[in-house]
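This briefing concerns the sequence and structure shown below. It is arranged by topic for a computational reading of the coordinates.

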Amino acid sequence: MSQGLTTTEAVQRLQKDGPNQVSEEKRNRLLQFLKEFWAPVPWMLEATVVLEIVLRKRLEAAIIAALLIFNAALSFLEEGRAQNALALLRKRLAVTATVLRDAVWKPIPAAGLVIGDYVRLHMGDLVPADVAIKEGNILVDQSALTGESQAVEAVPGKPAYAGSLVKRGQASGDVTATGSKTYFGKTAELVRTAKTVSHLQSMIFTVVKYLLIMDGILVITLLGYAYFAHLPWSDTLPFLLILLVASVPVALPATFTLATGLGALELAHQGVLVTHLSAIAEAAVMDVLCTDKTGTITQNLQTLAAVHLYPPCTEEDLLQNAACASDEATQDPIDLAVFVYMKTKGFHPFPEQRTSYVPFEPATKLSKATITRNGQELHTLKGAPAAIAARLSGSPDITKDVDKLASEGYRVLAVAAGTKDSLRLLGLLALLDPPRKDSKELVQRLEQLKVRVIMVTGDGVTTAQAVAGQVGITGDTCSAEEIHDGKKSNIDRCGVFAGVFPQDKFNLVQRFQKSGHVVGMTGDGVNDAPALKQAEVGIAVSSATDVAKASASVVLTNPGLMNAVSAVETSRRIYQRMLTYTLNKIVKTVQIALFLTIGVILTHEFIITPLLIVFLLFANDFMTMSIATDNVSFSLKPDRWNIRILMLLGMMLGGLLLVLSFGLFYYGRNILGLPLPQLQTLVFIMLVFTGQGMIYLIRERSHFWDSAPSKWMLLGSLFDIILVSFFAIKGILMAPLPITVVGIALLASVIYLIGLDFIKVPMFRKWLVGA
């Protein structure tokens, strides 16, 4: 037997190779906060701040900078809260290992193991490092690593991987790999290479790009007009700049962060922990969900599902003999399945005591026991059908029966009994890792939401097909080779991928992404971690390993998978709220940009001041953050915005608002004879009133009265209108207006918007579906 290492040797190797642990990437809190400023919309706002400072518009620069910081802080705090909650989930007792040091067996922290250490593994131990077995044999559960529920025998010459659980037996062996060099560690390294992008950010950037192009054309037009009309550049340049600022959705990042933060809080109460807020947005767009089989679709539990009898044997005879060749004390999953099945049938073990028992041995591929009955020694065998058949004389050909059960997804064992010289085949045991009770409903509900469920497993084709059929997953069963097929085979036809390894899952997610899909991935094991990280929506189930939870963007804290459906529904509600905000922003930008530009050309005067435009950012954009609380229903298919249709609708509605805008302006200028400062105030309150009213038209795809908004939206709008009206009447930050003029502007806006609602409904029905 090995004498192990000396303490001196172990210390030297520890210094050379480092501790036996996978180093966790530590996030710099400052850098995480600064990353909140690194995205397309923040870039535009940051550029605007710089331009404002150059033009010495310090108040406007300060306001926009404050909005930027507010949004970054809100997003940073929300994600920090989720990460702290996840850290609590990861807490666990330190793993210890029994190691031979200085020729003495002693327990040490697993982190102190080095290559060359000689360790002992017992039933119930977590294998602390990759170990090459030298003595003894053990049954190890590697489901957390490989994803497969079937335990594996580790005998001399075979490895036991770090992170697997010893289910039975005792063995000793040499440590061959530690830390990041173990099977566990290599998978963790693969996790770090996984990256994805935010689809919502790209769509928002596209919207803003269109708005800026439109504004750019108007700015060039105004520049040409100012040049020929000899307007003062000291007034023209700030006005043009503020016109661009009005096109940037200043409060959109903050509104989205608030909406997703509230959604994350709602999901937390349902047992769903969102560790990356962007996952909520991506879940709304997700159209493919790749799910691991073992422990996700199935229970990761061997059960005896059926028996096949050979006359004259009865079911009770078969099970009593199978139990005789089993032992509950070993906690072997198959033996436990036999005893559980017996109890459900009401059968009892043989009353006679066993005179001998030999547990399952890889060499013989069977377990056996003997009892004495009426002075006669009887033998019972349980094991692989081929191994049992080889010990019988004149036994029937069971190949067809075994193949039939295997084709249905069962793992098949045979049972024989009799005297030493006259063993008789009693029957076959069909074992299965059963689906979770909620798996079939999960698949059905996701299919109703137009999310395709793809099962990915390391099991063979027959087992995979059987499980998929039980839970309602449709489509062809494909092999891992098709994932890497250079001919670019159509993987959209596949509903099941069998014989898949961890790297295959990672590549499969990438393959779907390259085909234009937004991909989700559920899983529980270390083998799932790279794919969880690569997917736009990585969902770790409650029993997942720490590595899987750290890699996922969504962690289920309650047993089962149904809460994943809640995540999809909640995210789609948030998308509907953001659609309302974005479409409203397009409408208001078109209205403001065209109205102000045409107004300058027609009147040769600036019909609103830059300060009032900045105030408008608060009164409209910032106050409409209450949309994040709106009462909306979720869509029944993935939310994909058609940007061109959104822009078309926005321009049409914005154009219709111009009629009211110029009508009120004409009333104030030509009928009431208001001077320019009061006209600017009138323009300002009209933009606020129509901005608030337009939200209620856009939020409802039918008539605005068909559904009630949230109380926070109503209170926010009421507060906004009252505050702005008070400022206008009292002349705070603007020229004062008579209360009658303010009332007329409000009443005209309400009446006009009610009429506009009847034009909006057919427009939405024709174009907004699918936007």
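Two strands are taken to pair if DSSP finds at least two bridges between them, and helices (H or I, at least four residues) and strands (E, at least two) are DSSP runs numbered from the N terminus. The model is predicted, so local features need pLDDT of at least 70 and side-chain atom pairs count only at pLDDT 80 or more, whereas totals for chains, interfaces and linings use all residues. Residues are numbered from 1 along each chain as its sequence is written, and side-chain values use heavy atoms, with hydrogens and water left out.

**Sheet and crossing helix**
- Six strands form an open sheet with antiparallel pairing, in the order E10-E15-E14-E13-E12-E11.
- Strands E10 (303-309) and E11 (354-361) stand at the edges with a single partner strand each, so one side of each has no neighbour in the sheet.
- Direction ignored, neighbouring strands of this sheet are turned by 20° against each other on average; axes are lines fitted to C-alpha atoms, for helices over the stretch in contact, and angles run from 0 to 180 degrees between N-to-C directions.
- Strands E13 (residues 376-383) and E14 (residues 411-419) run antiparallel and are joined by five bridges, and glycine 383 stands opposite alanine 414 in E14.
- Helix H12 (residues 315-324) lies across E10, E11, E12, E13, E14 and E15, running at about 90° to E15; contact means heavy atoms within 4.5 Å.

**Disulfide**
- One disulfide (cysteine sulfur atoms within 2.5 Å) is counted, and this disulfide joins cysteine 478 to cysteine 494 with S to S 2.0 Å.
- Cysteine 478 is in strand E17 and cysteine 494 in strand E18, 16 residues apart.
- The torsion about the S-S bond of cysteine 478 and cysteine 494 is about -85°, so the disulfide is left-handed.
- Cysteine 478 counts as buried at 2% relative accessibility, as does cysteine 494 at 0%; buried means under 20% relative accessible area, exposed over 50% and partly exposed in between (1.4 Å probe, protein chains only).

**Aromatic rings**
- There are nine aromatic pairs; rings of Phe, Tyr and Trp (its six-membered ring) pair with centres within 6.5 Å, and planes under 30 degrees apart count as stacked, over 60 as edge-to-face and the rest as tilted.
- Tyrosine 227 and phenylalanine 228 are edge-to-face, because their centres are 5.2 Å apart and their planes at 80°.
- Phenylalanine 615 and phenylalanine 684 are stacked, at 5.1 Å centre to centre and 20° between the planes, and both are buried.
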